[in-house]
Amino acid sequence: MSAERPSLPPVRLNSEAELARDALAAPLFVRAVRLARWAGPDTRVGAGGELVEAQLPAAAEHLALPADEDGAAYASEAWRLAVDTGLLDVTDPEEDGRGPEGEGDGGTDGEGADGGAEGTVTAGENLALLTGGSPQDVLAIWLDGLDAVHADATAPVLDDFADLVGEDGSIDFDALDWDPEAEAEFLDGVLGNLYLLTLADNGAGEGPVPLPALAASMIVPDDMGEPTDDILEQVSEAMMRLDDQFRLLEPMGIVEYRPVDEALLVEEGETADASAAGADDEDVTRYGMVKLTPLGLYGIRARMLEAGVDAPAVGDLAGKGADVLLDGIAHYPESAARAEVKLWLAGYGAEGAVSAAAELLAAARGTDEGAPLRRLHCQQALAVAGPEAEPAVRAVLGDPELGGLARVWLAERGAADVPAPPDDMIFWLAIDTIAAQLDADGELDELQGLIEGLSAQHSGFFDEVWRVDHPATADVLEAMGRLHSDRKAAKDARKAAFKARSRAGG
């Protein structure tokens, strides 16, 4: 109703120092760094920056990889990442005079094993930042690497389309029937769903997610009952595509991944049966299990922010005004809101507790739609602030909007000399409290209990409450009429709502 709800729950991220350490420990990143430090003036690279085939065995040996095709492939992958992240700089052969038209000895020097021109390689500026830079520098380099690996994961496997590669090496992408934007959007959608599942229920969803469930979340319509055979086939195909993609993403440190059991692939080209998603947990694990790491949460959130998605994190509001804080946590889960408030208060220190409390109370005033929920969160924030906030709370005892809140806070702390509230303040506070809970979209049972409890505290409640000068009086009374379990009380509430609207209209 008031504050704009974020599209995702707030995430609790590890510190940048911890995340940077995780980034530096990611296996693929480790290999890229090692190759960047291994490379020298004699390292031979092709015109596209790739390590020439003749150098791959030495690179694989340096990385302690097996001396076979797999080792060479892993070395090549690490080299590409080093170039993509600026750990290595490759100079085009035509720029440094080593190309076919440059100075040389007739083309012998500067040619690769296949006769093509070679470039030169030097250490990139980012290599030094890994040891001499800040955690933010390390994470920025790692994010560049994540983008590169994400692009690799959504690229077509050209080995499957050898007949579409021309003699000059050009590729007929139109004939590939490959939509790179659609592929990237699909993987981002899967990662976004995994992110949301990880944050579900205040972090209760931190366990691994079955791959069939992730694939189904992108393909099976929400309103579909039993999936059709066609849908199941699409889910199976998506599972196998995701299996390949998560195998590429895991070495970058964003996920922990248990691949699909290859024994499930009965024959080449046959995909796993997605209907097994309904089997017991032990069987489901054979179809792939994936979990975002703390570094993965950071990386996926960074990609979402870059794409314009509202993906808040606990700590975003620290150092900002109290009005921004109270509006920002309006729809946070309770634990996340409390953590955000603690970080915000920490900025004031113990000596600034009274000033912080006064700022919170000032921000809680107002007659706009969001004001009741701000006051509710102000009261909760003051509970976190502790007894040091008492002078600021006592200063608003006479305020018509904050006096009831102040009395509740003081009473909960067992404070002495708390003046009794006048009747009009009791009724106003009841309307304000229910309005806040309606805006918070809390549990229906809890809201119903609140409504019935408040209305029972004062005899003739509905005979008096309609006169309350609160912007939400009529709306609250209508809600009480819908939710009160006692039929007579519900009818009295609806009558009171009609009187309130008539009074406001007059």
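Trainee: Which residues of α15 are buried?

Mentor: The buried residues of α15 are A353, A356, A357, L360, L361, A363 and A364, where buried means under 20% relative accessible area, exposed over 50% and partly exposed in between, with a 1.4 Å probe and protein chains only. They lie on the same side of α15 because they cover an arc of only 165° around the axis, the arc being that of the directions from the helix axis to the C-beta atoms. Please note that this is a predicted model, in which local features need pLDDT of at least 70, side-chain atom pairs count only at pLDDT 80 or more, and totals for chains, interfaces and linings use all residues. Residues are numbered from 1 along each chain as its sequence is written, and side-chain values use heavy atoms, with hydrogens and water left out.

Trainee: What covers those buried residues of α15?

Mentor: The cover includes α13 (322–328), α14 (334–346), α16 (371–385), α17 (390–394) and α18 (403–412). Helices here are DSSP runs (H or I, at least four residues), numbered from the N terminus.

Trainee: How many residues does α15 have?

Mentor: Helix α15, residues 353–364, has 12 residues. From its first C-alpha to its last it reaches 17 Å, close to the 16 Å expected at 1.5 Å a residue; the expected span is 1.5 Å times one less than the number of residues.

Trainee: At what angle do the axes of α15 and α16 cross?

Mentor: They cross at roughly 165° and come within 8 Å. The axes are lines fitted to C-alpha atoms, for helices over the stretch in contact, and angles run from 0 to 180 degrees between N-to-C directions. The two helices are therefore roughly antiparallel to each other, a label for angles over 145 degrees.

Trainee: Which residues make that contact?

Mentor: From α15 they are A357, L360, L361, A363 and A364, and from α16 they are A371, R374, R375, C378, A381 and L382. Contact means heavy atoms within 4.5 Å.

Trainee: Changing topic, where is A64?

Mentor: A64 is in the loop between α3 (56–62) and α4 (69–84). Its phi is positive, about 60°, although A64 is not a glycine. Most residues other than glycine have a negative phi. A64 is exposed, with a relative accessible area of 66%.

Trainee: And what is the phi of D417?

Mentor: Phi of D417 is near 60°, a positive value in a residue other than glycine. D417 is in the loop between α18 and α19 (423–440) and is exposed, with a relative accessible area of 71%.

Note on methods:
Parallel < 35°, antiparallel > 145°, perpendicular 65-115°, else oblique.
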